[in-house]
Amino acid sequence: MPVVSVIVPVYNVEDYLEWCLESLRVQTFEDIEILCVNDGSTDASRQVLTACQEKDSRIKIIDKDNGGLSSARNVGIKAATTNLVCFLDSDDRFTPDACEVIVNTFSKTNADVVTFGAYCYPESAGYPWLVEHLSPRDVEYEPFHPDLLFREMSRPFAWRTACKKGFLQNNGIEFTENLKFGEDQVFHFAIYPRANKTVLISNKLYEYRVFREGSLMHKVTHDLYTKCSEHIKIVGSILEDWKQGGLLERYPNQLADWLVDFILNEAMSLEPTQAKEIFGAVGKMWAGYGKLSQVDKIDLPAATKNVLNLMVNPEKITALTLKKCCLLYFRQRYGTKAMVRKLL
């Protein structure tokens, strides 16, 4: 009987799919089910799945109309027959011991959520921020503490997080389907605060393909305005979820600090009129949650508070005020050298 379900969303990845699924065929832990959700592929991905299924009967193919990555993952979760679910993107790979380590960690710790590390593929494509965020330390959180979300190397990337299916179902947690990207951020903001116990392990169990021609992230990398516009939706999804979960009033400082950093890093490079639009949209959402509109009463460092005030009052944005706020923020958060680099 299978013990863990590996959910593999599939959409037009004929060149990578067999390479991906081979990593599951050779797992040291064999009691797995492999749920391949064919999300309306228009290339030969479906034929590749059929060929792979003939080699490994643990592969189950689920065909659906195209709905995006989140939709495919949600279908996979519902179809899972085990109480442990994990995710493998169809252009990536698990290490041979991945499922064994995941199952053993749940068994030893009785966690609701387990997050692990990953390698960059190819290794030369890795860069400092990515390598750092794919390298969590060994630590347990029982119950939730905001450091798990805001201080640990615990996000983004949902594919490096496994969950108990019962935990997801009991808390009504699904992947948000109205986002072009960023669903992983929303997912982690939903699961960590609700888990009775979360375990981070330093084991690197995943090979993450850093770049793939034609991927959605590749398409938006150089379209900064579109990327920032999507960030607004991500923030909105998190704010609404945290409001419903009673988390906004418990952790306003930490969430505000994250929001400013998340939005500013990209938006500060926009033209002032576009930045004003992005800041204003985020500020309007933030101010719509009662006491959060009273920025001066939130315990934040001065430069962070200035940026949040600018978001809540976008009519004050000019090219000069935006640049000044950004530079002061970068000096506060990253030091004088970072501020100077922004000037160059």
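Tutor: Let us start with helix 12, whose buried residues are Ala 275, Ile 278, Phe 279, Gly 280, Val 282, Gly 283 and Trp 286. The model is a predicted one, in which local features need pLDDT of at least 70, side-chain atom pairs count only at pLDDT 80 or more, and totals for chains, interfaces and linings use all residues. Residues are numbered from 1 along each chain as its sequence is written, and side-chain values use heavy atoms, with hydrogens and water left out.

Student: What makes residues 272-287 helix 12, and what span is expected?

Tutor: Helices are DSSP runs (H or I, at least four residues) and strands likewise (E, at least two), numbered from the N terminus. Helix 12 has 16 residues.

Student: Which helices are included in what covers the buried residues of helix 12?

Tutor: The cover includes helix 10 (224-244), helix 11, helix 13 (302-312) and helix 14 (319-334).

Student: Why is helix 10 called roughly parallel to helix 12?

Tutor: Their axes come within 10 Å and cross at roughly 5°. Axes are lines fitted to C-alpha atoms, for helices over the stretch in contact, with angles from 0 to 180 degrees between N-to-C directions. Angles under 35 degrees count as roughly parallel, over 145 as roughly antiparallel, 65 to 115 as roughly perpendicular and the rest as oblique. The pair is therefore roughly parallel. Contact (heavy atoms within 4.5 Å) involves residues including Ile 232 of helix 10 and Trp 286 of helix 12.

Student: Why is Glu 230 called buried?

Tutor: Buried means under 20% relative accessible area, exposed over 50%, partly exposed in between (1.4 Å probe, protein chains only). Glu 230, found in helix 10, has 3%, and is therefore buried. Beyond four places in sequence, Glu 230 is in contact with Asn 178, Leu 179, Lys 180 and Phe 181.

Student: How do you know that strand 6 and strand 9 pair?

Tutor: Two strands pair if DSSP finds at least two bridges between them. Seven bridges join strand 6 (residues 113-121) to strand 9, and the two run parallel; Thr 115 stands opposite Leu 200. Strand 7 (residues 139-141) is joined to strand 9 by three bridges, in the antiparallel sense.

Notes: Expected span 1.5 Å × (residues − 1).
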